[in-house]
Amino acid sequence: MVTKERSCPVCGEGTITPTGEPGRMVEHHGVRLEIPEDVKIPECSHCGERFFDEATAKLVDTRLDNILEDRRHAVFVKALERVERLTTRGKLETLLDWSPGYISKMIARRKKVEHRTAVLFDLIAADPGRLSHVLEELEDDSIAASPTPKRPKLQMAK
Ligand SMILES: [Zn+2]
């Protein structure tokens, strides 16, 4: 067996071995997340310094991305349940300038729930009355604008 142990260049006392443990918190895209225990990172047995090689860094990134995606999806779906008591998916998609069916695609995970989408829906769900207010205002504007158009209508050629 070839041993992969090497001495630590930081403290010079410990040896570096792939280690998996709970409680390894890191900031990932602005969110504090725990690196899953089963992800082994070369770590010094003495000073605890971690040594990320490219493959490890990539693995950590992928796993944390997945965790974040799961969370965003969960936040979005939970918030959407509340928001949909007030309005329809179609209206939401129009309001947010999304293509028809976009919400369903996110639910089915055929489209990623972006961070800002999760945040937005969480905020809307916290104050759903505000959404009704915005929708009313937008609808009022379109009604108010229609009887007295500010610009002359284009003549349609027949
Ligand atoms: Zn060390």
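This note sets out numbered points on the predicted model shown above.

1. Basis of the model. The structure is a predicted model, in which local features need pLDDT of at least 70 and side-chain atom pairs count only at pLDDT 80 or more, while totals for chains, interfaces and linings use all residues. Residues are numbered from 1 along each chain as its sequence is written.

2. Overall architecture. The secondary structure comprises 5 helices and 5 strands. Here helices (H or I, at least four residues) and strands (E, at least two) are DSSP runs, numbered from the N terminus. In sequence order the pattern is β-β-β-β-β-α-α-α-α-α.

3. Burial and contact range. Of the 158 residues of the chain, 12% count as buried. A residue is termed buried if 20 or more other C-beta atoms lie within 10 Å of its own, exposed if 12 or fewer, and partly exposed in between, with C-beta atoms placed from the backbone. Among contacts between residues at least 6 apart in sequence, 60% join residues at least 24 apart. Two residues are in contact if their C-beta atoms, placed from the backbone, lie within 7 Å.

4. The open sheet. An open sheet is formed by 3 strands in the order S1-S2-S5, with antiparallel pairing. Strand S1 (6-7) and strand S5 (41-44) stand at the edges with a single partner strand each, so one side of each has no neighbour in the sheet. Two strands are taken to pair if DSSP finds at least two bridges between them. S1 is joined to strand S2 (residues 15-19) by 2 bridges, the two strands running antiparallel. Within this pairing, Ser7 stands opposite Thr15 in S2.

5. S3 and S4 pair in the antiparallel sense over 4 bridges. Val26 has Leu33 in S4 as its bridge partner, and Glu27 stands opposite Arg32 in S4. The two strands form a hairpin with 2 residues between them. His29 lies in the loop between strand S3 (25-28) and strand S4 (31-34). Its phi is near 50°, a positive value in a residue other than glycine. Most residues other than glycine have a negative phi. His29 is exposed, because 10 other C-beta atoms lie within 10 Å.

6. Arg109 is placed in the loop between helix H3 (102-107) and H4. This residue counts as exposed because it has 11 C-beta neighbours inside 10 Å.

7. The loop at Gly20. Gly20 belongs to the loop between S2 and S3. With 13 C-beta neighbours inside 10 Å, Gly20 is classed as partly exposed. Leaving aside residues up to four places away in sequence, Gly20 touches Glu37, Asp38, Val39 and Lys40. Gly20 and Lys40 are 20 residues apart in sequence, yet their C-alpha atoms are 4.5 Å apart in space.

8. Helix H1. At 1.5 Å a residue, the 30 residues of H1 should span 44 Å, and its end C-alpha atoms are 42 Å apart, which agrees. The expected span is 1.5 Å times one less than the number of residues in the helix. Val60, Leu64, Arg72, Phe76 and Ala79 are buried in H1, and the buried residues of this helix pack against S3, S4, H3 and H4. Asp61 is also in helix H1, but counts as partly exposed because it has 13 C-beta neighbours inside 10 Å. Asp61 and His28 are 33 residues apart in sequence and 8.1 Å apart in space, C-alpha to C-alpha.

9. The H1-H4 contact. The axes of helix H1 (residues 54-83) and helix H4 (residues 115-126) come within 8 Å and cross at roughly 35°. Axes are lines fitted to C-alpha atoms, for helices over the stretch in contact, and angles run from 0 to 180 degrees between N-to-C directions. The crossing is left-handed, meaning that the near helix is turned anticlockwise from the far one by less than a right angle. On the H1 side, Arg72, Val75, Phe76, Ala79, Leu80, Arg82 and Val83 take part, meeting His115, Thr117, Ala118, Phe121, Asp122, Ile124 and Ala125 in H4. The contact residues divide into 9 nonpolar, 2 polar and 3 charged. Ala, Val, Leu, Ile, Met, Phe, Trp, Tyr, Cys and Pro count as nonpolar, Asp, Glu, Lys and Arg as charged, and the others, Gly among them, as polar.
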